[in-house]
Amino acid sequence: VSGQTASAAAAIPAGGGILPRHVAIIMDGNGRWAKKRHLPRFAGHRAGVEAVRKVSRAARALGIEALTLYAFSSENWRRPESEVSDLMGLLRLFIRTDIDEMVRDNVRLRVIGDYRRFPADLITMIDNALARTANNDGPILVIALNYGAQAEIAAVARQLAVQAKDGTLDPATIDEAMIDRELQTNDLPPLDLMIRTSGEVRLSNFLLWQAAYAELLFVDTLWPDFDGEALAEAVSIFGQRQRRYGGL
Ligand code: IPE
Ligand code: IPE
Ligand code: MG
């Protein structure tokens, strides 16, 4: 851990820019990356997993406390069944090949989203992986699986409505902080930087509440080409942004 602190200090961008505590990435462009190479979409997703590996290692080396990666949205079920199952297969492969490194590197793996809708064997794999890193206290890697921000917020509303109905919650006390505490991101640092690759300029239902005052960065790089250097560049751009939160 002390080694991490040293490398984080060394990685603070020139010019004294500060490091984002929590970075989220909409990993987009795998299909277009494959198409450019006349390869099947699967090859793009496979290359995307390699980028996940590189970028999550780089985030740790930079000293970023939490990295949240959008791997499967609640809308991605609309893709052909074969592609959905390819994505599930790659998730299995990623857990199998990378969990030992995460345990060793003191990474805390987290999941947001309703992954209980995934195939039973995958749910078991995910639960085992989460359990294996649960006692770690280092950097947090959050994978968003079957995640949708509107569904997340609706779930909070439902949950608070139940408490109000049974008399354990006074609706007048519901405020932003209470909603924050009910979200699946409640134990993560505030979202500082949201990156989307591939040139698309939209949030696609990702962390809508949490992004209220995040800095947004849209880059043209396709996800499989995004790497540690690209992350360092994003962090350095973040360091030059002036955050005003409505003030002066
Ligand atoms: C992102 O790449 C990966 C997932 C959404 C799982 P895409 O598959 O969306 O790639 P494009 O947008 O078709 O290029
Ligand atoms: C967003 O990418 C979801 C993930 C990266 C997992 P999409 O490619 O699914 O988003 P849209 O359909 O272009 O909005
Ligand atoms: Mg896409």
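Start by selecting V111, which is found in strand β3, residues 108-112. Helices (H or I, at least four residues) and strands (E, at least two) are DSSP runs, numbered from the N terminus. This is a predicted model, where local features need pLDDT of at least 70, side-chain atom pairs count only at pLDDT 80 or more, and totals for chains, interfaces and linings use all residues. Residues are numbered from 1 along each chain as its sequence is written, chains are lettered from A and ligands numbered from 1 in the order in which they are written, and side-chain values use heavy atoms, with hydrogens and water left out.

**Stop 1: V111**

Is V111 buried or exposed? V111 counts as buried, at 17% relative accessibility. Buried means under 20% relative accessible area, exposed over 50%, and partly exposed in between (1.4 Å probe, protein chains only). Now show the contacts of V111: I126, L130, I143, L145 and Q184, leaving aside neighbours within four places in sequence. Contact means heavy atoms within 4.5 Å. Then pick R57. The C-alpha atoms of V111 and R57 are separated by 18 Å, and the two residues are 54 apart along the chain.

**Stop 2: ligand 1**

Select ligand 1 and the 13 residues around it; D28, G31, R32, R41 and R79 come nearest. A residue is near a molecule or strand if one of its heavy atoms lies within 4 Å of it. Colour the helices next. α2 (30-36), α3 (41-62) and α4 (81-104) each supply at least two residues of the shell around ligand 1. Which of them gives the most? α2 does, with 3 residues.

Turn to the oxygen atoms of ligand 1. One is 2.9 Å from an N or O atom in the side chain of D28. A polar side-chain atom of R32 lies 2.7 Å from an oxygen atom of ligand 1. For R79, a polar side-chain atom also lies 2.7 Å from an oxygen atom of ligand 1. Taken alone, ligand 1 exposes 380 Å², and the protein buries 86% of that. These areas come from the Shrake-Rupley method with a 1.4 Å probe; for residues, only the protein chains shown count as cover.

**Stop 3: ligand 2**

Move to ligand 2. Its surroundings include Y70, A71, F72 and S73, along with N76, R79, R196 and R202. β2 gives the most to the shell around ligand 2, with 4 residues. A polar side-chain atom of N76 lies 2.9 Å from an oxygen atom of ligand 2. The side chain of R196 has an N or O atom 3.2 Å from an oxygen atom of ligand 2. How much of ligand 2 does the protein bury? Taken alone, ligand 2 exposes 390 Å², and the protein buries 77% of that.

**Stop 4**

Select S73, in strand β2 (residues 66-73). S73 counts as buried, at 7% relative accessibility. Beyond four places in sequence, S73 is in contact with N146 and Y147.

Finish on R202, in the loop between β5 (193-196) and β6 (215-218). R202 is partly exposed, with a relative accessible area of 46%. R202 touches I26, R196 and F218, not counting residues up to four places away in sequence. Its side chain makes a polar contact with the side chain of E200, at 3.5 Å. A polar contact is a pair of N or O atoms within 3.5 Å; within protein, one must be able to donate a hydrogen and the other to accept it, and residues adjacent in sequence count only if both atoms are side-chain atoms.
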